[in-house]
Amino acid sequence: MSTRPVNPVTGLDFTPAVGDMPFTPLQREWLAKAHVLGRDKFAARAAQWDKEASFPFANYDDLREQGFLKLCVPVEFGGAGADFPTYMMVAAEIGRFCGATALTWNMHICSTMWTGVLADGIAMSDEQRAEHAARRKLHFARIVNEGKLYAQPFSEGTAAAAGRAPFGTTAKKVEGGWLINGRKIWASLSGAADYYGVLCTEDKGDHHPDARDTLYISVPATAEGFSISGDWDPLGMRGTVSRNLTFKDVFVSDDEQLMPRGIYFKGAQTWPAMFFTLSPTYLGVANAAYDFTVQYLRGEVPGEPPIKRRQFPTKQITVAQMRLQLEAMKSLFTRAIFEAKPNPSKDEKLRLYAAHHAVMEGANDLARLAIRTCGGQSMLKHLPLERLYRDSRCGALMLPWTAELILDRMGRETLYEPGERDE
Ligand SMILES: Cc1cc2nc3c(=O)[nH]c(=O)nc-3n(C[C@H](O)[C@H](O)[C@H](O)COP(=O)(O)OP(=O)(O)OC[C@H]3O[C@@H](n4cnc5c(N)ncnc54)[C@H](O)[C@@H]3O)c2cc1C
C-alpha cells in the first residue's frame with residue numbers, strides 16, 4: 001500500500017509520465033496498473049534485457065496476466081476497450097520503466113488498434129465492413145482467449161516504410177488464401193511473436209505494384225517458409241530483438257487478412273496518428289532520465305552514496321532546462337493524443353508532427369543533459385542512465401516518421417496545399 005497522498009484531480013498517488021490531468025476511470029485504472037508493474041517489476045529487469053539483447057519474456061508474462069495484451073481490443077470482443085489517448089498514456093507509463101517493453105508492446109497493440117478503433121473510423125463498403133467484422137473476431141479471440149502476441153513488420157530497407165514506394169513483400173491470391181514472398185528488416189518481437197502482421201503489396205501479376213494495393217496480413221510464426229535471420233547487437237532498445245524475416249512461398253488462409261483489400265492505404269491517409277503510437281515509449285524514457293537526474297542530484301539513488309550535488313547553480317539550471325523541455329513535450333503530446341482522429345485538419349496534422357518530433361528528439365536531448373549534469377559516475381553500467389541515453393537515440397530513427405521525414409513533411413505541407421504544384 002502506498003502512503004503517498006492521492007492527487008484530487010488525477011485520483012492517483014503519482015504523477016504519470018503524461019502529466020497530471022483529470023483522467024477517466026479507465027485511464028486511472030490502467031495508469032495505476034502500469035505504474036505499479038513498471039516500478040515493481042520492469043525497472044529492475046530492464047538491465048538484463050539490455051545486457052543480453054534478449055526479449056523481455058518475463059515482462060510479457062506479467063502483461064498477459066494483467067490483461068495488457070487486450071487493452072485496445074473492443075469491449076464487445078472481450079477486451080478493455082481503451083481508446084487512442086488511453087493507450088498513449090499507458091504506453092508512456094510503461095516506457096518510463098522499460099523502453100524495450102513499451103516499444104514492443106506498441107507493435108502488438110497496433111495490431112488491435114488498427115483493426116479496432118482505427119478501422120472503425122475508415123470508410124468501408126457494407127461488404128468490406130462485414131468481411132472485416134468476421135475476420136477481426138478471430139484475431140481478437142486469439143489475443144483475448146489465448147494471450148497471443150503480434151509483431152508489426154513493415155520495414156524493408158527501401159522507401160516503402162517511409163511511405164514513398166509500395167512494399168516489396170508481395171501477397172499473391174491463391175485458392176483459399178495468400179502466398180507471401182519477401183523480406184522484412186527490423187522486426188521487433190522476432191522469435192517472440194505468435195503472429196507477424198505483415199504489410200505487403202498484392203501481386204496482381206501486372207508488374208506495376210501500387211501502394212493502394214497494400215495488404216495487412218498476419219503470418220503465424222509456425223507457417224512453413226517463414227524464417228528469422230540476422231545478428232542482433234544494436235546500440236539501444238536491445239530488448240526489442242528486431243531481426244530480419246524471410247517469407248518464401250508462405251501460404252496463409254484468407255482469414256489471416258487483418259484488413260480488407262485497399263483499406264490499409266486508406267487508413268494511413270485517414271488516420272495519420274496511427275504512426276504517432278511509437279512516441280509514448282520515448283516520452284516514458286524522457287521522464288525516466290528526468291526522474292533519475294532529480295534523484296541523483298538529491299543524493300537519493302538507492303544503493304549509491306548519499307552525495308548531494310544539487311547545491312551547484314549549474315545543476316539547478318540544467319534541471320530547470322530539462323523540466324522546461326519535458327513540460328513542452330508533455331503539453332504537445334497530450335494535445336495531440338486528444339486531437340487524434342480520422343481526417344484531422346491541416347493545423348491538427350502539423351501539430352501532430354510537431355508533437356512526434358518534440359518527443360523523439362527531446363527524449364535524446366533530455367538524456368544527454370542528464371548525463372552531462374549528473375557527471376561521469378552516473379553513466380556507469382550499474383545505473384540506468386547510460387541505457388536510457390542509448391534507448392533514447394532510437395526514436396528519431398523510426399520510420400515512417402523519422403525526425404528528418406517529419407521536418408520534410410511539415411515544411412512541405414505548410415507551404416503547399418494538397419494537390420498544389422509549382423509550374
Ligand atoms: C528500436 C527499433 C525498433 C524497430 N522496430 C520495428 C518494427 O517492429 N517493425 C518495423 O517494421 N520496423 C521497425 N524498426 C525500423 C524503423 O522503423 C526503420 O525502418 C529503420 O530504423 C530504418 O532504418 P534504415 O537504415 O533502413 O533507414 P533508411 O530507409 O536507410 O533511412 C535512413 C534515413 O533517411 C531518411 N529517409 C528515408 N527514406 C527517405 C525518403 N524517401 N526521403 C527522405 N529521407 C528519407 C530517414 O530520415 C531515415 O532515418 C525499428 C527501429 C528501431 C530503431
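Predicted model: local features only at pLDDT ≥ 70, side-chain atom pairs only at ≥ 80, totals over all residues.

Q: How many helices and strands does the protein chain have?
A: There are 11 helices and seven strands, taken as DSSP runs numbered from the N terminus (helices are H or I with at least four residues, strands are E with at least two). The radius of gyration is 22 Å, close to the 22 Å from the globule rule for 423 residues, so the protein chain is as compact as a globular protein of that length. That radius is taken over C-alpha atoms, and the rule is 2.2 Å times the number of residues to the power 0.38.

Q: Which domains is it divided into?
A: Domain 1 (25–149), domain 2 (151–261) and domain 3 (271–415); the bounds come from an automatic or database domain assignment.

Q: How far apart are the centres of domain 2 and domain 3, and how many residues are in contact?
A: Their C-alpha centres lie 31 Å apart. Seven residues of domain 2 are in contact with seven of domain 3, where contact means C-beta atoms, placed from the backbone, within 7 Å. The domain 2 side has four nonpolar, three polar and no charged residues. Here Ala, Val, Leu, Ile, Met, Phe, Trp, Tyr, Cys and Pro count as nonpolar, Asp, Glu, Lys and Arg as charged, and the others, Gly among them, as polar.

Q: What about α10, buried or exposed?
A: Helix α10 (residues 385–392) is mostly covered, with six of its eight residues buried. Buried means 20 or more other C-beta atoms within 10 Å of the residue's own, exposed means 12 or fewer, and partly exposed is in between, with C-beta atoms placed from the backbone. The buried set includes Arg 387 and Asp 391.

Q: What do they pack against?
A: The buried residues of α10 pack against α1, α4 (99–120), α7 (279–297) and α9 (346–374).

Q: Where is Pro 400, and what is its peptide bond like?
A: Pro 400 is in the loop between α10 and α11. The bond from Leu 399 to Pro 400 is cis, with omega near 10 degrees.

Q: Which residues have a positive phi although they are not glycine?
A: Ala 53, at about 55 degrees, and Asp 249, at about 50 degrees, are among them. Ala 53 is in the loop between α1 and α2 (57–65) and is partly exposed, with 16 other C-beta atoms within 10 Å. Asp 249 lies in strand β7 (residues 243–253) and is exposed, because it has 11 other C-beta atoms within 10 Å.

Technical notes. Residues numbered from 1 in each chain as written. Contact = placed C-beta atoms within 7 Å.
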